[in-house]
Amino acid sequence: MDNQICFPNGKRKALTFSYDDGQIHDRRLVDIFNKYGLKATFHLNSGTLDTPGFVTSDELTSLYAEHEIACHGVNHLWPRHLSTEQLVREIWEDRLALESKSNRIIKGMSYAFGEYSDQVITTAKSLGIVYSRTVNSHNGFNAPADFMEWHPSVHHNIILDDDSLINRFLNPEDYLDMPLLYIWGHSFEFELENTWDKMDALCSKLSGHDDVWYTTNIEYYRYMQAVRSLETSADGTLLYNPSSTKVWYRQKNELKTI
């Protein structure tokens with residue numbers, strides 16, 4: 001292969017986290033991520049902000065400054081139980097509120113209760129959502145075929161006591177191309193199960209690797225959209241990037257961008 005696509009700055013692998021619901025335990029989790037230079041996406045329910053047990057509106061810009069904020073439904077309702085009008089309000093009002101309180105453009109989501117359907121996907125896309133995470137872990141490192149059905153690698157509980165998947169990621173087989181490790185969960189689980197120390201140790205093990213791109217969900221989505229939009233010559237030697245996102249690649253062991 002003449003041109004080998006890679007992650008930004010020539011990184012071979014990517015790591016991202018995502019956590020749902022916005023409970024106050026996000027504060028401790030963010031501290032751990034920030035300590036180790038890791039990136040995460042936090043899917044929030046704007047309807048629970050400023051209520052007991054949840055983060056406040058005033059925290060959004062400071063607490064999640066190094067991370068992504070995304071939708072999770074204004075009231076965390078079961079998506080397939082809603083009429084089209086109710087579903088529109090659940091997503092659109094969440095996006096409006098979170099954008100207003102964080103002063104960010106928000107394009108991502110995770111499905112409340114992991115529940116979705118073709119109608120839910122179509123509705124979310126019509127409201128400007130470009131990706132949404134499921135709860136269907138696949139225990140691997142594949143990029144999503146459809147970002148609106150973005151299946152993560154693993155729930156954190158699986159790897160806190162068994163680091164075999166982590167070791168596979170840090171020492172991937174040669175045939176794996178641009179592997180992604182996507183870890184998900186809820187911050188309250190660490191408090192409930194008293195596993196904060198284990199999470200700290202996990203993040204320590206995953207941090208500081210020169211060949212890993214530490215990224216949020218939306219950053220990964222945007223980069224892969226650019227990668228997938230690349231045009232090549234028939235013999236594979238020429239590349240054209242029609243997007244505004246810089247793509248990194250190696251040509252005869254020389255790192256280049258397009």
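The structure is a predicted model, in which local features need pLDDT of at least 70 and side-chain atom pairs count only at pLDDT 80 or more, while totals for chains, interfaces and linings use all residues. Residues are numbered from 1 along each chain as its sequence is written, and side-chain values use heavy atoms, with hydrogens and water left out.

With a relative accessibility of 11%, Glu-189 falls in the buried class. This residue belongs to helix H7, which covers residues 188-193; helices (H or I, at least four residues) and strands (E, at least two) are DSSP runs, numbered from the N terminus. When residues up to four places away in sequence are not counted, Glu-189 touches His-155, His-156, Asn-194 and Thr-195, contact being defined as heavy atoms within 4.5 Å. Between the C-alpha atoms of Glu-189 and Pro-52, which are 137 residues apart along the chain, the separation is 17 Å.

His-155 also stands opposite Trp-184 in strand S8. Strand S7 (residues 154-155) is joined to S8 by two bridges, and the two run parallel; strands are taken to pair if DSSP finds at least two bridges between them. Strand S2 (residues 13-20) likewise pairs with S8 in the parallel sense, over six bridges, and Leu-15 has Leu-181 as its bridge partner in S8. In a regular strand, side chains alternate between the two faces of the sheet. For S8 both faces are covered, with Leu-180, Tyr-182 and Trp-184 buried on one side and Leu-181, Ile-183 and Gly-185 buried on the other. Six of the six residues of S8 (residues 180-185) are thus buried, so the strand is largely enclosed by the rest of the structure.

Apart from its neighbours within four places in sequence, Met-199 is in contact with Phe-17, Tyr-19, Leu-29, Phe-33, Leu-160 and Phe-190.

On a 1 Å grid over the protein atoms alone, a cavity is a set of points where a 1.4 Å probe fits but cannot get out, a pocket is an open set with protein on both sides within 12 Å along at least five of seven lines, and lining residues have an atom within 4 Å of a point. Grid points are joined across faces, edges and corners, and a volume is the space filled by probe spheres set on the points. One cavity of 30 Å³ or more is found in a search of the whole structure, and the largest cavity has a volume of about 80 Å³. Its lining includes His-72, Leu-87, Glu-90, Ile-91, Met-109 and Ser-110. Helix H3 (84-102) and strand S5 (108-110) each supply at least two residues of this lining, and the largest share, three residues, comes from H3. By class, the lining has eight nonpolar, three polar and one charged residues, where Ala, Val, Leu, Ile, Met, Phe, Trp, Tyr, Cys and Pro count as nonpolar, Asp, Glu, Lys and Arg as charged, and the others, Gly among them, as polar.

The largest pocket has a volume of about 160 Å³, and of the 13 residues that line this pocket, His-67, Glu-68, Ile-69, Arg-104 and Ile-218 are the closest to its centre. Helix H9 (217-229) and strand S4 (68-71) each supply at least two lining residues, with H9 giving the most, three residues. The lining of the pocket divides into four nonpolar, two polar and seven charged residues.

Two loop residues other than glycine have a positive phi. Phe-113, in the loop between S5 and helix H4 (118-126), has a phi near 60° and is partly exposed, with a relative accessible area of 39%. Asn-253, in the loop between strand S12 (248-251) and strand S13 (254-257), has a phi near 70° and is exposed, with a relative accessible area of 75%.

Methods
Buried < 20%, exposed > 50% of the residue type's maximum accessible area, 1.4 Å probe, protein only.
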